[in-house]
Amino acid sequence: ESGGNVQDVARKIRYDWFNKVLDESDAVYVLLAHHADDQVETFFQHIARKSGIIGMAGMLAQNGRIIRPFLHLEKSEILRFAVNNRIFWREDASNLKSDYTRNKLRNLILPVVESHIPTLKASVLLLVDAFQETQRQLEHDVKPYVELLQSTGMLTHVQYDSLSEFQLAELLRTLSIRQSAVASIRQLRNAQKGKKISCDGYQIMQEKDAFGFIKSETSIAYTLKIDSVEKLPTLFSKDVLYLDPDQIRGELILRK
């Protein structure tokens, strides 16, 4: 009813439920059973989606309150342990169907590729480790900018220009703004003052020397006071606008 991929929607419902259980109980973590084979499948799925570095970094062993203790183990190792110790498990019937992209990778594509390239799995996991290290460095690099945006809602053009494409994408990701917004912000950089774009709950506006990031649901409090003056001051303030009424044609419009 809400639209979107059925598996993605179901995954969101599951994670929302996990978080609800954590919030309402004494539990601290949720442990998930993802293993190394899942990591390899995720890697190729993200290649198909043209994911950035965060996508290629795959699943993390720990991500907040989520822990994946089996991520370093292959499925065959887990099954062998279960058989040797007479541990019974439930096999999801949908795993045998190749209706979804992940299942096609698991059941049809990867077994064939691995039969010709036995080192494929190890090579992919090595790449994932490298991407995760790169991701950690990106998070470290953009942390000061994230804190600045959260406190002031502004990112100066000088600061923006110092960010690489990957750093800007990571900055947006931290704010829950989709990576595709990078191209729109690049265009906004050379736009006239007052131009803005809307993306994922933010209004991003071109100011004189900076970008303003305003959450869409945030209301801007302002007051407008109009006085008559006989002459102009010697010093001007950015908060005051002086107009000659004889020169005004049509209506004046105040933008928030």
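Gln-45 is found in helix α2, which spans residues 36–48; helices (H or I, at least four residues) and strands (E, at least two) are DSSP runs, numbered from the N terminus. The model is a predicted one, in which local features need pLDDT of at least 70 and side-chain atom pairs count only at pLDDT 80 or more, while totals for chains, interfaces and linings use all residues. Residues are numbered from 1 along each chain as its sequence is written, and side-chain values use heavy atoms, with hydrogens and water left out.

Gln-45 counts as buried because its relative accessibility is 11%, where buried means under 20% relative accessible area, exposed over 50% and partly exposed in between (1.4 Å probe, protein chains only). Leaving aside residues up to four places away in sequence, Gln-45 touches Thr-101, Arg-102 and Leu-105 (contact means heavy atoms within 4.5 Å). With Arg-102 there is also a polar contact between the two side chains, at 3.0 Å. A polar contact is a pair of N or O atoms within 3.5 Å; within protein, one must be able to donate a hydrogen and the other to accept it, and residues adjacent in sequence count only if both atoms are side-chain atoms.

Aromatic rings come next. Rings of Phe, Tyr and Trp (its six-membered ring) pair if their centres lie within 6.5 Å, and planes under 30 degrees apart count as stacked, over 60 as edge-to-face and the rest as tilted. By this rule there are six aromatic pairs. In one of them, Tyr-15 and Phe-18 have ring centres 5.8 Å apart and planes at 75°, so the pair is edge-to-face. These two residues are three apart in helix α1 (residues 6–23), and therefore about one helical turn separates them. Another edge-to-face pair joins Tyr-202 and Phe-213, because their planes stand at 75°, with centres 6.4 Å apart. Tyr-202 belongs to strand β6 (residues 202–206) and Phe-213 to strand β7 (residues 210–215), so the pair ties together parts eleven residues apart in sequence. Both Tyr-202 and Phe-213 are buried.

Strands β6 and β7 also belong to an open sheet of four strands, ordered β4-β7-β6-β5 with antiparallel pairing; two strands pair if DSSP finds at least two bridges between them. At the edges stand β4 (154–156) and β5 (196–199), each with a single partner strand, so one side of each has no neighbour in the sheet. Antiparallel β5 and β6 are joined by four bridges, and Ser-198 has Gln-203 in β6 as its bridge partner.
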